[in-house]
Amino acid sequence: MNSIIKFLPTIDAPESTKLPQRSTKFSAGYDFYAPTDIFSESVLVPLNVKAIMPGDMVLLLFIRSSLAVKSNLSLVNGVGVIDSDYANNPDNDGNIGVKFRNSGCENIIIREGERCMQGVFVRYFVTED
């Protein structure tokens, strides 16, 4: 089985696209960066990044805890689930997107280049049936 795990820019990604990175040696998650200013209204923002991983893995996406605590933001779907075959999506080249929900009263702007999410690769198992 192919064990390559990596992030790639999507076909139409601008040159300024920053691929997710771990902040420290022992970080479990890869930080995703806002490709443009993101306003707290609920719109899907493509991050111009796709994830390459083996078939028995999933990429789980979480809002950065600092954004959630300080800004009352959350991901619309709670946790994003990116399957290994999503990178081959013919409709969008596997472009991972994010959509935030603002539970507070203030408008929030996540600035271009700011860390906005974390992604954690996890192996999973399937039943015999």
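Buried means under 20% relative accessible area, exposed over 50% and partly exposed in between, with a 1.4 Å probe and protein chains only. The structure is a predicted model, in which local features need pLDDT of at least 70 and side-chain atom pairs count only at pLDDT 80 or more, whereas totals for chains, interfaces and linings use all residues. Residues are numbered from 1 along each chain as its sequence is written, and side-chain values use heavy atoms, with hydrogens and water left out.

**Salt bridges**

- A search of the whole structure finds five salt bridges, each being a side-chain nitrogen of Lys or Arg within 4 Å of a carboxyl oxygen of Asp or Glu.
- Aspartate 37 pairs with arginine 111, with the closest N and O atoms 3.1 Å apart; aspartate 37 lies in the loop between β2 and β3 (38-39) and arginine 111 in the loop between β11 (109-110) and β12, so the pair ties together parts that are 74 residues apart in sequence.
- Arginine 111 counts as partly exposed at 45% relative accessibility, and aspartate 37 is partly exposed as well, with a relative accessible area of 33%.
- Aspartate 31 and arginine 115 meet through their side chains in a salt bridge (3.3 Å, N to O); because aspartate 31 lies in strand β2 (residues 30-33) and arginine 115 in strand β12, this pair ties together parts that are 84 residues apart in sequence.
- Aspartate 31 is buried, at a relative accessible area of 1%, whereas arginine 115 is partly exposed, at 35%.
- The side chains of aspartate 93 and lysine 50 also form a salt bridge (2.9 Å, N to O), and both residues are buried.

**Nonpolar core**

- The largest nonpolar core has 25 residues, the term meaning a set of buried Ala, Val, Leu, Ile, Met, Phe, Trp, Tyr and Cys residues joined through side-chain atoms within 4.5 Å.
- Phe32, Leu59, Ile96, Phe100, Ile110 and Met117 touch the most other members of this core.
- Strand β6 (57-63) is one of the elements that give two or more residues to the core, and β6 gives the most, with four residues; strands are DSSP runs (E, at least two residues), numbered from the N terminus.
- Beyond its neighbours within four places in sequence, phenylalanine 100 has contacts (heavy atoms within 4.5 Å) that include Ile38, Ile63, Leu75, Ile110, Cys116 and Met117.

**Cysteines**

- The count of disulfides, defined as pairs of cysteine sulfur atoms within 2.5 Å, comes to zero.
- Cysteine 116 is buried, with a relative accessible area of 0%, whereas cysteine 105 counts as exposed at 85% relative accessibility.
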